[in-house]
Amino acid sequence: MSIQQTDVLYTAVATAENGRDGRVATDDGTLDVVVNPPKEMGGSGTNPEQLFAAGYSACFQGALAVVARQEKADITGSTVTAKVGIGKNADGFGLMVEISADIPNTDPATARALLEKAHQVCPYSKATKGNITVTLT
């Protein structure tokens, strides 16, 4: 479900120069990084897929915390890892994501249920739904 402009609580602003082989910075100066293609694609250093993985994993961890509070589950010491893959498709290039979590204070069935629920809550998951393959492991 979309939000309306009046519902926006925060807007992140970032500007890129020279695309995948350049620089990206936020308007407030807190992020300013040189980006290159991944080494597997002829580059080196930080790349857009890493930045997407970082954002998705952080957002998903936040969603996991929301769900854990609702379910009264202990996720202390948990981590969320996002693996973002890029590859060729019929339209040029596409992405796929694998989300995994280590939730040490829960049994595997509870951890899986929390992951599934967090996937329904996470704004990144909602944004990518139906657009790219996202796998929970």
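Residues are numbered from 1 along each chain as its sequence is written, and side-chain values rest on heavy atoms, with hydrogens and water left out. Because the model is predicted, local features require a pLDDT of at least 70 and side-chain atom pairs count only at pLDDT 80 or more, whereas totals for chains, interfaces and linings use all residues.

Helices (H or I, at least four residues) and strands (E, at least two) are DSSP runs numbered from the N terminus. Three strands form an open sheet in the order E1-E2-E3, with antiparallel pairing, two strands being taken as paired if DSSP finds at least two bridges between them. E1 and strand E3 (32-35) stand at the edges with a single partner strand each, so one side of each is left without a neighbour in the sheet. From one strand to the next the twist averages 20 degrees, where axes are lines fitted to C-alpha atoms, for helices over the stretch in contact, and angles between N-to-C directions run from 0 to 180 degrees. Four bridges join E2 and E3 in the antiparallel sense, and alanine 25 has aspartate 32 in E3 as its bridge partner.

In the largest nonpolar core there are 21 residues, and Tyr56, Phe60, Leu64 and Ile99 have the most contacts inside it. Such a core is a set of buried Ala, Val, Leu, Ile, Met, Phe, Trp, Tyr and Cys residues joined through side-chain atoms within 4.5 Å; buried means under 20% relative accessible area, exposed over 50%, and partly exposed in between (1.4 Å probe, protein chains only). H1, E4, strand E5 (92-102) and helix H2 (108-121) each supply at least two residues of this core, and the largest share, eight residues, comes from H1. With neighbours within four places in sequence left aside, leucine 64 is in contact (heavy atoms within 4.5 Å) with Ile75, Ser78, Val80, Ile103, Leu114, Leu115 and Ala118.

Two residues other than glycine have a positive phi. Asparagine 18, with a phi of about 65 degrees, is found in the loop between strand E1 (14-17) and strand E2 (22-26), and counts as exposed because its relative accessibility is 66%. Lysine 72, with a phi near 55 degrees, is found in the loop between helix H1 (48-71) and strand E4 (79-89), and counts as exposed at 74% relative accessibility.
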